[in-house]
Each structure stands twice: as structure tokens, then as C-alpha cells.
2 protein chains.
Amino acid sequence: MKEEVNVGLLGLGVVGSAVAGALLEKEAMIAGRVGCPVRLRKVLVRHAGKERAVSPSMLTLDPSTVLDDPEIDIVVELMGGEKPAHDYLLRAIQKGKQVVTANKEVMAKFGPEIMDAASTMGVDVAFEASVGGGIPVVGPFRLDLLANNIQQITAIINGTTNYILSRMAKEGIDFDAALKAAQSRGYAEPDPRNDVEGIDAAYKLAILATLGFHARVRPEDIFTEGITKLTAQDFRYAAELGYTIKLLAIAREVDGQIEARVHPAFVPLDHTLASVNGVFNAVHILGDLVGPVMFYGRGAGPGPTSSAVVADIIDLAQRLHSGSVMRPPVPLEKTKRLRPVEDVESRYYLRLQVVNRPGVFAQITRVLGEAEISLASVIQKSETDSGRIAEVVLTTYEATEAAMRVALRALSALPVIEEVSNVIRVEDTSRPARN
Amino acid sequence: MKEEVNVGLLGLGVVGSAVAGALLEKEAMIAGRVGCPVRLRKVLVRHAGKERAVSPSMLTLDPSTVLDDPEIDIVVELMGGEKPAHDYLLRAIQKGKQVVTANKEVMAKFGPEIMDAASTMGVDVAFEASVGGGIPVVGPFRLDLLANNIQQITAIINGTTNYILSRMAKEGIDFDAALKAAQSRGYAEPDPRNDVEGIDAAYKLAILATLGFHARVRPEDIFTEGITKLTAQDFRYAAELGYTIKLLAIAREVDGQIEARVHPAFVPLDHTLASVNGVFNAVHILGDLVGPVMFYGRGAGPGPTSSAVVADIIDLAQRLHSGSVMRPPVPLEKTKRLRPVEDVESRYYLRLQVVNRPGVFAQITRVLGEAEISLASVIQKSETDSGRIAEVVLTTYEATEAAMRVALRALSALPVIEEVSNVIRVEDTSRPARN
């Protein structure tokens, strides 16, 4: 039964400053909702002396000032990155503190171990802000959807890539131009690899899939492909076929195995996810009882992130004030295995440059047939100036990744095929009905 | 610290049977997630003898068998309607039981009193299923969005009317034909008044607004208008102007006052709510930190509703098992007043039948101008066979309800106006950016 809850902050960057600001400005409102005051006491910063939103007397350069202070009840980690955040989180837990973190990398790589350590110490780890900014997604998995067996998670959880892809779809520009536009607006880092290669999305999917399927899904278990190979040409064909292209993070349970992957995908234009544009995020979930549900909002930024962080602080503070035990960690069911990527089935879009002569098409269909892949549609178009090369676009029915790899090797070896220009998965079979 | 949690059910209709089925079929999964078994013990039914999903030994016709049994920890009310559900809920609370309910009418009319009674007894009232079926909406307001000052709630929360309006928009049919289609598919009751007059949506908005704004909003405080006056003609004009028509439930804070209303509204086609079709529901929330967030899914039916009810049971059972105190009720801020409907501002669409002669338009604009209402657009069309009457469609800029009432009275009194055929609010000013 605490009559005052004290908070220590690790990190005072953009998000840290927003959280500190919200705690200070909303002190009265938060106290009303918790039942007692919640006070920001200490803030770990990397450099002293810069002008800050908080009183200089709170600032410290020494992590022990926050982690070892028995007065601090809740440690809020907003440093990002694996090190030293991971160590600090564990130290805070070992000191018996409640922990709030927005750190997707640490929670993706070490989440279950951190939860176990917290459970041993009788404290809780809250991490709503680690996925989807202020959109409630961790909360629903830990509480609201707990009566469901989750069947599939399909998410747009990286705002940078979604902004780039939205620009490409709308303006017909190529990846490089869209990336520059994103960088100039501050939506992409000068070194954008973490986003455009799908690594950030894979971290977030690891967290969502572990929560949703009660199975340990590590970032390295997730087949990950970025968006750098997409061209304006691919978007034109997508539109012609009734699709747009999104970077999807997909996890689903198939035959008792968990399949998890991040890659660009054709999404039907009338799918709810197709209209999620710009820096917005959306998490679409299929549960056995609830059917399809979707959560939508801004997936990043100081406002949305501090919304999630401060909500976690309020939840923990309510429990400390009322003397409640912490929420039980989500139990993992050890029997669930990850599905090898070779077994993953999807439909495919292939764009090929072929020699423009009779019989070529028969050779392509023979190669696909030998890999037991059936064609769904064909477009042949846009011959080059000389007329020697034609562009062929194929879509296939369901094929395993293994079969497609065999087919692609065989296609590349055909003398009549100049180039396999792109291969993109088509996601529409598990599309929930909208009416 | 309960090592077993016992549940009593009030009502075994469609939803009750689904909840009973889920508790029985998912017993092992639920026990794993709670930490101890959760057992269905007693079920109150209205008539004995019918074939049921649960063992006949559990059934009772006597409410005291459930309400007064000291063995029962959680009472789940799924009877619907105000009486006797309201009395039973209060009796259960007075007996110190945790309570779960899906009853929107009771929670809309008496929610704060029921929460107070529960708080006095140290128990909790969980009511996630009362709004939006299985879509988490109560949970987010009670927890995930608690760091925000909520600015606006805009919701499609009645599946029956949304189904009817989606059919009207898609097929160009009139209200009566769409209602018949909804009735034949079981989406509308034989007596559809509660849905089509907006009463059901007003109950749900009362619950959402009370939670979101921490202010008591009663169903009778909500300006409520149904969808029965909408015609195929209105949908044609809406499409022409770039809109569709939805039954919106809107609550927002304006100058410290809470405005709450349910009525048909023009919604821009590129608004996220415009693509919520059929029986789907969506709740769009604007918070000061999080910005816009939206929750989407099936708003009714045994599956979605049992998803929410069983999640509430799991949450309460976890707390009983761990010996935790119940979640504190949302404190109401008594200072917030309801905004009189006369002060509510919106844009308007007006469809008029006018005598087709010079100078008529000048008379209309003069009347509107005297009420200080500015025109945004005008369409004049579809003269009748005789050519005597023309149809005029106007849209206006922001006007108060009071000003519009004055204008409508004056318009109706003009000899050149045959009929004011329809008046519909246009909701796009508070539209969140999508990019």
C-alpha cells in the first residue's frame, strides 16, 4: 500500500522528454487516476549540461543513482538498443523494482527471460510501448483477447517503410526517391537499414507472436525480407491486378506450428490493411472466438509512445497503491515449434524479362509445373525498344517456399529468361470477410 | 488466494450458451492462463427441460441458487434488458461477488451507481462485452489510454444499422428494402426500433463517453436520431459529394463541456470509418498524447461477445487467484457538464424540393444568411416531369443546431419551398489526417 509512487527514468531523448513532460504536466490527473501521487524523482542522462525539460537536480550520469535507490518504485527504460539497456532492466528487477520499457530490441531478444526474472522477484515488466507506439496491442494480448486461441496476426508495424510504400503507391516513384522523401521529413534515419530491411518489424513481430501464440518466437526465427528491391513497375502491376504493396509482419499457427515472417506482400485493395497509409500502423488479429479485430493508430513518435509508457506507469502505480500482486506473466507453451520457412505456403507474383520468341511461355509453365506450382494469371507487356525482350508478370496459386526456390533456380537457368526481376508474396487467402 | 474459481451464469440464450461452451471446452487453456481452474457451477435459465449445452444438474430456475451461493465467486449476467438484470447485479455485488455483464442498457443507465456499489464491497464489475462485442474498448479506456485526455470518440457501434446503411450505399436501395434484407439474414429484429432509432447506439455511447471523459453521460442526455428517414437519393448525393452515410455515435469535449449525439452523418469516403462495412463496428478515439487510434471488429454475435465475457472472467479469476485487489473504478470528474444540443456545431446537408422559378435561390440563401449559416456547395437537379419542381441539395459550413432549427423553420415557411426532404449532419472537420 504505497501512498506515493516514485519513478526513475533511464534516458531523456525525444521519448524520454515526452514521458517526463507528461508525468510533470499531468501530475494531478495521474494522481486522480492512480489514487495517490506519482512523482518523477531521478533521470539518467548521457551528457550533463544540456537544457532539459526537467529540474537539473533530478539529472544524473550514474545509473546506480536510479537503479540502486530504494526510494524508486518504478524504473522506466527509454534508452533503446540492446546495451546497456538490457543490463539495467535486469538490475532494476533484481532490486525489486517494477519496470516499464519501450525497448523492442531487448524485449524481442530477451523478453521471456526478463519476464521470468521479474516473476521470480514478484515484480512486473510492462512493455506496451515496444510495439505500435500508443496503439494498445500488448494489453489486448495480455488481457482482452486472452479467451481466444489466436490464429493469425497480420501487421503493418513499421511506420518508416509504410510511409515509403504509401508514397511509391500514390506517386509512382521508385524506392530511392521515396526513401529520400521519408528522410527529409524525419520519418527515416540517415542510415535506414534497420527499417527498410525489415529488422525493426521482425523485433516487433517477435514480441507480438510470443504474446499471441504463447510460444517463444525469436527475431532470428523470423524470415525477414526488406523493401529495397521494390520498384515503381511492381506497384503499377499490383494496381492493375487489384492490389497494393505493404511490408507485412505475419505470424500464424499452422498444424500446431508457428509461422513467422516479415516481407513485402501484395495486399488486396479492399482489405482493411490496404488503407493503412503513411506512418500509421495497424495490427490485424484473427481469434477463434472474436473473429477478426484490428487496432490502428500512430506507431511511433513521442506523443503516442508516451501515451503507452505513462499508461503502463499508471497501471503499475495503481497496483502498488492498492497492494495488488502483479499481473501473471503470459505462460509459454513449450510444445509449439517454429515452422521452417521452406514449408511456408503463399501465392506469388513474379516479374520476368524474357526473350520475345515463340515457345518461351511453354518453357516457363513447364518449369513451374515441375515444381508443382500452378499459374493464376499472366500479363505480358512492355516490350523494349528493340522488341527482343518482353516483360512477363505471373501470379501463382499457393506454393511452398521450397518449391518456389526450386522453380526460381530452374527459371534463372533457362537461356530464354534474361532476368527474374522480382518475386513478391501475395497475401489474400486468409483475408477476413469485410461484410 | 483462491485455488479454484467458481462461476455462476445468469441466462443461457445465444450468448449465454456460447460463454458456457467456451468455459467448458477451454477449461484447460483458461486454467493455464489464470493459474488455477475456473469452473462453471450454476446456470439460471427461464424454462427447464429444453436441451442445453450444459449438464442439467447445473440448471436452476431460482436466481437465489446462483446469487446466494457462497461457493460462487463470479456472477456473469447475460440476460439483457433492464429488469430483472439490474436487481440481480446489485444483489450479486451485495453478496460480495465479482460481476461480469454484457448488459449495455443496465450499464448505460446505472453504470456509475453499480461501480460505486461494487467499490464499496471491494469487488469489481467487468463489462467489456457491453460495447463493441469482442473489440477491446472498455479495457483501453480503463487502462491502455488512461494517460490521455480524450478529445473525441467517433464510433460505429450498431451492426444492424451499419449493415442496412452498407447495403443502401452499395446497392442503391431504399431503407425498407435494406431493413428487410437485414431481417431475413437475422441481423435485424422483427421489431427493429431499438437499432434503427439509434437507442442501442446511444446506450453504448453513454458507456463509452462516461469512461472516456470521466463524466456521467446518461442515455437521455444523448441527442439521438435514427436512420429511418434516409433514402437512396441521399446516398446518391452523398457519393456525388465524396461521402458515404453512417450512423455515428459521437462524443467530444468542447470548452470543458461534453457533447454526445447519435445520428446519421455524411462521412468522407477517405475517412477510416467510411470503409467499416456490414455488421462490423469501429471505435475511433482521439487522445491528446496518442493522437487517433481505432479499434475494429465484429460488434455482436455469440463468438465475439463470449471472447469479451470470458476475458473479463479470466481477469477477475487471475486477481482472485493471486489475492489482488480489484481494479479501481474510473473516477468521475463532477465538474464536467453536458453541452446542450442547441450549441452543437456541425456542417449540414439539406435536400429541398423547390418551385422551379427565378429568385428562389436568392430566398434560400437569404434565410440561411439571416441565421448566420454559410453555404459550402449547391447542387440543383432532377426536375420532375412537369418541370415545376426542382431538387436542390445544399451543404453548409459549421452551424449550431439552434441556428439550423431557426433556418429550417424559416425555409419551411417559404412559399417557394415545397418540402425540406432531409437534413443530415456532415462530419469531416475533426477528421484525423491519414498520412
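**Close-up 1. The loop between β9 and β10 of chain B, with B:Asp255 in view**. In this predicted model, B:Asp255 has its place in the loop that runs between β9 (243-254) and β10 (257-268) of chain B.

**Close-up 2. The loop between α10 and β8 of chain A, with A:His214 in view**. A:His214 lies in the loop between α10 (199-213) and β8 (223-224) of chain A, and although A:His214 is not a glycine, it has a positive phi of about 55 degrees.

**Close-up 3. Cis peptide bonds at A:Pro84 and B:Pro84.** In chain A, the bond that joins A:Lys83 and A:Pro84 is cis, with omega about 0 degrees, and A:Pro84 lies in the loop between β4 (74-77) and α4 of that chain. In chain B, a cis peptide bond joins B:Lys83 and B:Pro84, again with omega about 0 degrees, and B:Pro84 is found in the loop between β4 (74-77) and α4 (85-94) of chain B.

**Close-up 4. The packing of helix α4 on helix α5 in chain A**. The axes of α4 (residues 85-94) and α5 (residues 104-121) of chain A come within 9 Å and cross at roughly 10 degrees, which makes α4(A) roughly parallel to α5(A), as angles under 35 degrees are counted in that way. From α4(A), the residues A:Ala85, A:His86, A:Leu89, A:Leu90, A:Ile93 and A:Gln94 meet A:Val106, A:Phe110, A:Ile114, A:Ala117, A:Ala118 and A:Met121 of α5(A). By class, this contact has ten nonpolar and two polar residues, with no charged residues.

**Close-up 5. The surroundings of B:Leu205 in the largest nonpolar core**. That core has 286 residues, and among them A:Leu205 and B:Leu205 touch the most other members. When neighbours within four places in sequence are left aside, B:Leu205 is in contact with B:Ala155, B:Ile157, B:Ile222, B:Ala249, B:Ala251, B:Ala260 and B:Val262.

**Close-up 6. The side of chain A that touches chain B**. Here 50 residues of chain A are in contact with 50 residues of chain B. The elements of chain A that give two or more residues to this side are α2 (27-34), α6 (138-144), β11 (280-287), β12 (291-298) and α12 (302-322), and the largest share, ten residues, comes from α12(A). By class, the side of chain A that touches chain B has 23 nonpolar, 21 polar and six charged residues.

**Close-up 7. Helix α12 of chain B and the glycine just after it**. The 21 residues of α12 (residues 302-322) of chain B should span 30 Å at 1.5 Å a residue, and the end C-alpha atoms are 30 Å apart, which agrees with that expectation. The helix is mostly covered, with 18 of its 21 residues buried. Just after α12(B), B:Gly323 takes a positive phi of about 75 degrees.

**Close-up 8. B:Arg193 in helix α9 of chain B**. B:Arg193 lies in α9 (residues 193-196) of chain B and is exposed, with 12 other C-beta atoms within 10 Å. B:Arg193 and B:Leu350 are 157 residues apart in sequence, and their C-alpha atoms are 25 Å apart in space.

Terms used: Residues are numbered from 1 along each chain as its sequence is written. Chains are lettered from A and ligands numbered from 1 in the order in which they are written. This is a predicted model: local features need pLDDT of at least 70, side-chain atom pairs count only at pLDDT 80 or more; totals for chains, interfaces and linings use all residues. Helices (H or I, at least four residues) and strands (E, at least two) are DSSP runs, numbered from the N terminus. The expected span of a helix is 1.5 Å times one less than its number of residues. A residue is buried if 20 or more other C-beta atoms lie within 10 Å of its own, exposed if 12 or fewer, and partly exposed in between; C-beta atoms are placed from the backbone. Axes are lines fitted to C-alpha atoms, for helices over the stretch in contact, and angles run from 0 to 180 degrees between N-to-C directions. Angles under 35 degrees count as roughly parallel, over 145 as roughly antiparallel, 65 to 115 as roughly perpendicular and the rest as oblique. Two residues are in contact if their C-beta atoms, placed from the backbone, lie within 7 Å. Ala, Val, Leu, Ile, Met, Phe, Trp, Tyr, Cys and Pro count as nonpolar, Asp, Glu, Lys and Arg as charged, and the others, Gly among them, as polar. A nonpolar core is a set of buried Ala, Val, Leu, Ile, Met, Phe, Trp, Tyr and Cys residues joined through C-beta atoms within 7 Å.
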